[in-house]
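Trainee: I have not looked at this one before. Can you walk me through it?
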Amino acid sequence: MSGADMEFPGSKGLTVGVELELQILNSRDFDLARDAADLIGLVEKAPHAGAVKPEITESMVELNSSIHQGHDTLAAELKAIRDTVVQAAQKLNVRIAGGGSHAFHMWADRRIYPTERFQHLLSVYGYLAKQFTIFGQHVHVGCPDGDAAIYLTHILSRYVPHFIALSASSPFQQGEDTSYQSSRLNTVTAFPLSGQMPFVQSWREFLEYFEMMRGYGIVESMKDFYWDIRPKPEYGTVEIRVFDTPLTVERAAALAAYAQTLARQILADRPLAPERDVYTLYNYNRFQACRYGIEAKLVDAYARRPVSLREAVLDTLKVLAPHAAALGNGHALASLAADVEAGRTDAGWLRQMHRERGSLNEVARLQSELWMGRSKVPA
Amino acid sequence: MNAVSFLPSLPPAANPVLLFGLLLLAGVIGGELARRTLGLPRIVGYVLIGLLLGASGLNWLDSALLKEAWIFVDIALGLILFELGRRLDFAWLRREPWLAATAVLESALAFGCVFLALLFFDVQPLYAAVAASIAIATSPTVVLVVAQEMRAEGQVTERALNLTAMNSVIAFVTSAMLLAWLHHEYRASLATVVLHPLYLLAGSALLGYGASFVAMTLARWLGKSERGHLVMSLALIVVTVGAARMLELSVVLALLAFGTLSKNLDKRHDLMPVDVGPVGQLFVVVLFVVSGASLRADEFAAGGVLAIVYVLARFAGKSLGVMSLTYLSGVRRGAAGLLCLALVPMSATAIGMMHRTGQLYPDFGTKLAAIVLSAVLILELVGPIAVQFALRRAGEAREEAAA
């Protein structure tokens, strides 16, 4: 990547786009399958909405939406891509599922997808590359310029616990209940270039930092930073990466709407100045959200006191109401608010299925039925 | 009574337990030698050591001992066919009808090619047809065991296993019908001609259905306990094998029906996925050693040339069937050729079938046994290599298992 690639082109304000990493399961015992190449090949045979791409192991597939102005068109496109992928999966007798982790797959069984980049990651990170068979949703929000992207990244960092708790869907790992609502992020934390963007205040300062890291040979491009939130000059966006892939595309679209609306409020109202203490408290708050989900107790860097995450989300949703209306995201955020008030979460649903059915194979099967749109979320 | 009457009489009598252990030991050594010295799949080693110990070699495993070992072969077959049946997914065949169509076409073409080839070499039509019906089946044991040994997973593996399950059934039905015809040729009563195949088919299917019903009911009662479901499934597999023998039904068809119905009729998903592989492995080794020992190299001398014709015609027919339909189904380019290779192994159950037919109709038996059994001999050795190559080339074997 040359210096020119690091120019921030800016994108038409506050558009939104989504990447979803999904699980490919076999139909026999619902463990992870290895059919990504065949699946992608089959999808590519016919024209379709969005894009379908490989991910680091052969058991994963990534769906990309195009760029949207608001929730409704995004949700419609995500459903269309889902249906295309499900149709292909059915021809191959595999299943597709959402959720941040597969409940019982063994990481050592995974195979790296045969491309140069993924093989390189395996040689650098060793077993971490195979353990990286976890499934996240990335939300891109368009930014007018680089400085705005830096500002937005800092302020959004305060809301990372919200994103984690709202999307948490990885309670099980390697056949065990982890006791976490989102266990997926513990895997991300193991990578040396994970974490947060340094406390830079402008795009120019950011470029200095980036050039320094590149000069040391630590990174080659922005792709090498596995930060929770990172500016993405390539697209002119800020990319939020802490969401677990939810159990349904509907939820994925609603989460994207939350991020987009929040970004609109932040950039339009400029309500807060970047605050170092957000990062002082960051890891504690992030852990709380992963461990307890919506029931977490956080310490707010601006209010300087403990707050309930549930209250913080509900308060934020109220503040966002006018912006949601402007973007046409009102009903999406209302559905999130209803779920928060009722205590409905994806992690909770997965645990409930495990209690009811008594086996993780059944959890994985029901998870795939839900994602493929064959069953409804029970209230 | 003398002072040392507690000593065994000489020579000491062997017993089935000792036989089982020794066969297993022989298999392990043969398999490892084949892998180390020739780089071949272990299965080939099991068969080779069987050949060495059997009538064609040292004759330590004579027909009396082989008869004793047959019980282990039956259990191995039961475990394998149950597992294969569990892989046969009716819902998939409805969504991907071209796969089922492929099974029918490759079976028909394999039958047709072998039949015509044998006619061309002046084999009597009825004999040729019986031999051709045996050619339809791919060996479930070889394909599944190689796939398990390589821990292979993917489209070529799954499709090969589903095609194998389907062509095994088609082969069974066809040969049952032809054997009835044969009965007729040998002036059996018309009632026998109609009733015997019907009894075999319906009886075996019903037995499998009964076993699957009991399995689902017990699974509900046991609750979700992996160990409980495994032991229960093993018990029912053995019971079904025994019952099939007792009722003179087909072990192959009954267990295939048990496996596939317990998967496809279990709408509430009561039966947990169980892995009978580790238990099955013991019996599978013995199965292949015994298969090897049952093969006769001297028959190869008699049927050699025609056997090679038989093998080539069969491969041509199957490949034509697979190649012509695979592009319509959702599989990547290049997979079709590998699928053809994966269907090469020929069922060693043909050995039993030939011997039984030979006992009933000696004239027919000797004529055809030479051809069919020589073909089995060739394919017992070539088949596992072909499957291993296909699955490895398809990139569906686990890295560590590829060694």
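Mentor: One term to begin with: a residue is buried if 20 or more other C-beta atoms, placed from the backbone, lie within 10 Å of its own, exposed if 12 or fewer, and partly exposed in between. This is a predicted model, where local features need pLDDT of at least 70, side-chain atom pairs count only at pLDDT 80 or more, and totals for chains, interfaces and linings use all residues. Residues are numbered from 1 along each chain as its sequence is written, while chains are lettered from A and ligands numbered from 1 in the order in which they are written.

Trainee: How many bridges join β1 of chain A to β4(A)?
Mentor: Four, and the two strands run antiparallel. Pairing takes at least two DSSP bridges. A:Leu25 stands opposite A:Arg95 of β4(A).

Trainee: Chain B now. Is B:Leu22 buried or partly exposed?
Mentor: Partly exposed, because B:Leu22 has 18 C-beta neighbours inside 10 Å. B:Leu22 belongs to helix α1 (residues 16–38) of chain B. Its C-alpha atom is 9.2 Å from that of B:Val286, 264 residues apart along the chain.

Trainee: Where is confidence lowest in chain B?
Mentor: In helix α15 (residues 349–360), with a mean pLDDT of 66; pLDDT is the predictor's confidence in each residue, from 0 to 100. Confidence is highest in helix α5 (residues 97–120), at 95.
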